[in-house]
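Okay, thanks for coming, everyone.

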Amino acid sequence: MAKSSIKIRAKAKNGVVTVKALISHKMETGLRKDKKTGKVIPAHFIQAVDCVHNGAAVMNAEWGVAISKNPYLSFKFAGKSGDAVKLTWTDNTGKSDSLETKVK
Amino acid sequence: MLRRHFLKNTMATGAAVLAASSGLLIPGQVLAAWNKAAFDAKDVASAMKGAVGSDSAEASDKIKIKAPDIAENGAVVPVTISSTLGDVKSITIISEKNGTPLVAKFNLGTGSEAYVSTRIKMGKTSNIIAVCESGGKFYKAHKEVKVTIGGCGG
């Protein structure tokens with residue numbers, strides 16, 4: 001993959017890993033109209049975000065259209081430096097992307 | 001022999017039903033289970049019922065919502081929810097006056113801290129409601145955010 005849609009940073013401190021992630025996605029609500037054509041832009045948004053830590057699911061999020069464009073997400077769980085963290089998103093058109101990183 | 005089969009089968013189905021009704025955190029099933037009814041709900045009560053299975057929750061001061069008092073741009077409202085309640089299984093964010101109030105639900109696994117931070121869209125000035133599930137019970141807290149420019153529809 002040339003360029004991932006996900007930017008992720010995971011840092012461990014006192015046994016707690018803080019994950020900060022930015023996903024590049026337009027998060028279209030399906031309510032907006034195209035100003036030129038007057039047609040409604042179809043909804044296109046992320047429905048699910050999964051986070052797997054050393055092979056175990058630590059967080060999964062169900063999202064609606066009210067999450068902002070280019071979503072930011074941060075959460076914490078117990079872990080240590082060097083652990084593997086994998087984040088995956090899936091949108092309503094079935095597209096998905098994932099990225100794995102090591103905890104710093 | 002027949003009886004044994006019968007027993008085995010009933011037990012298996014029983015277990016499956018139980019798993020389906022209690023299984024909130026099953027990785028990989030999220031997309032199939034995307035809660036359309038809850039996310040399409042037009043009012044807070046049915047959104048909550050769809051999301052967490054109950055429309056009543058006890059108000060709690062152990063849930064902290066960090067959000068701006070005034071949001072200039074409703075399209076991007078940073079919201080951070082944390083809680084000191086023990087064993088929080090899920091955190092649900094609801095924006096009261098959005099067209100579809102349910103914003104997101106975060107299911108937390110073992111070892112997760114009761115903390116999520118994200119950015120949401122808000123249609124107009126309203127309360128943000130955070131619902132935490134802890135020990136089979138639901139707790140909620142809310143915070144008003146004033147929105148100058150709405151973030152829905154544009």
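By exposed I mean over 50% relative accessible area, by buried under 20%, and by partly exposed anything in between, with a 1.4 Å probe and protein chains only. Quick housekeeping: this is a predicted model, where local features need pLDDT of at least 70, side-chain atom pairs count only at pLDDT 80 or more, and totals for chains, interfaces and linings use all residues. Residues are numbered from 1 along each chain as its sequence is written, chains are lettered from A and ligands numbered from 1 in the order in which they are written, and side-chain values use heavy atoms, leaving out hydrogens and water.

Back to B:Asp69: which residue does B:Asp69 form a salt bridge with? That's B:Lys143, and the closest N and O atoms are 2.7 Å apart. A salt bridge here is a side-chain nitrogen of Lys or Arg within 4 Å of a carboxyl oxygen of Asp or Glu. This pair ties together distant parts of the chain, 74 residues apart: B:Lys143 sits in strand S9 (residues 137-149) of chain B, and B:Asp69 in the loop between strands S2 (63-66) and S3 (70-73). Strands are DSSP runs of E, at least two residues, numbered from the N terminus. B:Lys143 counts as buried because its relative accessibility is 17%.

There are 4 salt bridges over all chains. One of them joins A:Lys80 to A:Asp83, with the closest N and O atoms 3.3 Å apart. A:Lys80 is exposed at 53%, while A:Asp83 is buried at 5%. Another is B:Glu144 with B:Lys146, at 3.5 Å between the closest N and O atoms. B:Glu144 is partly exposed at 41%, and so is B:Lys146, at 43%.

Now one without a partner. A:Asp97, in strand S7 of chain A, is buried yet has no salt bridge; the nearest side chain of opposite charge, A:Lys95, is 8.5 Å away. What A:Asp97 does have is a 2.8 Å polar contact between its side chain and that of A:Ser5. A polar contact means N or O atoms within 3.5 Å, one able to donate a hydrogen and the other to accept it; residues adjacent in sequence count only if both atoms are side-chain atoms.

Last stop, the surface: A:Lys7, A:Arg9, A:Lys11, A:Lys20 and A:Lys104 gather in a patch of positive charge. Patch residues have over 30% relative accessible area and no salt bridge, with like charges joined within 9 Å. Strand S1 (residues 6-13) of chain A gives the largest share, 3 residues.

Key. Patches are made of residues with over 30% relative accessible area and no salt bridge: like charges are joined within 9 Å, nonpolar side chains (Val, Leu, Ile, Met, Phe, Trp, Tyr) within 5 Å. Accessible areas come from the Shrake-Rupley method with a 1.4 Å probe; for residues, only the protein chains shown count as cover. Lys and Arg count as positive and Asp and Glu as negative; His and the chain ends are not counted. The place of a charge is taken as NZ of Lys, CZ of Arg, CG of Asp or CD of Glu. Helices (H or I, at least four residues) and strands (E, at least two) are DSSP runs, numbered from the N terminus.
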